[in-house]
Amino acid sequence: MGKVYLYDTYTAGRVELVPPRQVKIYVCGVTVYDLSHIGHARVFIVFDILRRFLERNGFSVIYVQNFTDIDDKIIARASREGVDYSQISNRYIEEYFRDSDALNIRRADIYPRATEHINEMVKIIKCLLERGYAYRTSDGIYFSVDKFPNYGKLSKVKRDQLIAGARVNVNEDKRNPLDFALWKFHDDTPFFETEIGRGRPGWHIECSAMIWKNLGETITIHGGGEDLIFPHHENEIAQSETFTGKKLSEIWMHVGLVKTGNEKMSKSLANVFYIRDFMRAYGPNVLRVMLIQTHYRSQMSVSEDRISKAIETWKIIEEAMYNVRQPFGSGETDEGEIEAIINELKAAESALADDLNTPESLMHLVEASRRINKLQASTKLNPSAASRLGLFNDLTETFGFRLPQVSEDEARLIEGLVSERAALRSQRKYGEADEIRKRLLQMKVKLIDIGEKTYWRKVEVV
């Protein structure tokens with residue numbers, strides 16, 4: 001494939017990546033005090049697809065995604081439940097992995113936790129204090145944004161507008177309302193006893209420390225949801241680049257919010273779709289399809305119509321995935337039709353290389369899938385032709401699509417029912433055979449009869 005182009009929020013322009021090269025990616029992960037919702041899923045699916053695509057096209061990727069495991073919300077939940085805060089964070093880290101594994105999101109190379117990087121945070125803060133970029137107040141240590149000339153360049157908002165938005169709960173000791181906490185002094189537990197004082201880290205310093213320790217001074221791609229642009233990522237840039245004297249990230253990628261109606265999906269608004277609830281109702285592949293039918297930089301809303309469209313799209317792709325693996329045709333396949341399918345797949349690949357344009361790529365993948373299914377339906381997709389569609393398999397793997405899994409026990413049950421149905425059909429007991437078909441369909445198993453042979457397929461949505 002060659003070059004890949006990505007949009008950089010910081011410069012508001014396209015950046016070219018050319019293989020072979022190492023790509024260091026850091027994505028802001030979840031604050032682990034509750035289950036993850038589909039807004040989180042959208043961010044992690046986007047970067048899962050990006051990572052798969054880059055690796056398949058000659059890039060060496062190091063992928064890091066953090067956990068914020070110390071936070072006021074975590075502490076508040078621990079207090080309500082009467083347990084240590086670490087029990088809450090450990091519980092919801094495990095719940096995160098349960099959801100992300102079910103979504104077929106590849107695990108990161110490193111999952112740093114904020115509490116494991118207190119020493120690095122202290123080193124950065126000490127350096128900023130010594131250089132005069134940070135100062136102490138009665139309640140903590142703050143970064144002075146007036147000392148950082150490029151503050152606001154990421155969010156593209158003028159300082160007076162940023163200040164207007166920062167006037168809530170202003171600390172009178174702060175020199176500028178925009179100055180942000182690097183360290184907050186605390187005597188109540190949990191706290192960390194350090195040479196800069198007893199307390200807990202500010203949110204923004206955590207990611208700077210985790211990047212510095214695990215990926216170095218400059219990374220290739222820094223990602224997260226668009227709601228992190230300001231203040232989180234803006235503040236990361238200020239403190240990291242002041243500390244290292246180097247650019248923090250070559251590319252800043254931000255994923256648009258997921259909304260319900262006109263509101264941002266938020267636990268505080270009680271309008272979330274938890275990942276596991278959505279998957280229980282519709283399946284992981286349907287969720288993946290729904291979240292990538294809109295370009296990652298655009299916001300999207302969840303609706304019944306959008307879910308229905310995702311279901312129909314997935315059914316087409318799923319059928320094609322099975323057909324490429326189980327081609328029924330025995331005669332000659334139309335060469336022109338195979339070339340047309342390959343051209344659609346190449347167009348899908350090109351769309352991904354153009355700022356991860358998943359909607360356009362998906363459109364071409366669906367068209368290729370329709371053509372594959374039509375060939376199979378006419379028994380003109382033979383094994384030789386199917387073997388030429390390796391790019392189809394590559395693309396479905398890049399999108400993270402995975403056919404429904406079947407356990408050994410379930411497979412034995414299905415095979416037994418299929419054999420029983422075949423015997424009933426041979427005896428012309430078609431009514432009883434149809435009852436078995438219906439039973440299998442309730443198990444989300446579809447049957448395809450080709451001559452005397454019956455193929456079965458486990459599907460995500462009937």
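Reply: The protein chain holds 16 helices and 16 strands, where helices (H or I, at least four residues) and strands (E, at least two) are DSSP runs numbered from the N terminus. This is a predicted model, in which local features need pLDDT of at least 70 and side-chain atom pairs count only at pLDDT 80 or more, whereas totals for chains, interfaces and linings use all residues. Residues are numbered from 1 along each chain as its sequence is written, and side-chain values use heavy atoms, with hydrogens and water left out.

Of the 462 residues in the protein chain, 55% are buried, buried meaning under 20% relative accessible area and exposed over 50%, with partly exposed in between (1.4 Å probe, protein chains only).

Helix H15 covers residues 408-426, and its 19 residues reach 27 Å from the first C-alpha to the last, close to the 27 Å expected at 1.5 Å a residue; that expected span is 1.5 Å times one less than the number of residues. Within H15, the residues Ile414, Leu417, Val418, Arg421 and Leu424 are buried. Seen down the axis of H15, its buried residues fall within an arc of 120°, so they line one face of the helix, the arc being that of the directions from the helix axis to the C-beta atoms. The cover over the buried residues of H15 includes helix H16 (430-442), strand E15 (445-450) and strand E16 (453-458). On the other side of H15, Glu408, Asp409, Arg412 and Ser426 are exposed. Just after H15, Arg428 adopts a positive phi of about 65°.

Note on methods: Contact means heavy atoms within 4.5 Å.
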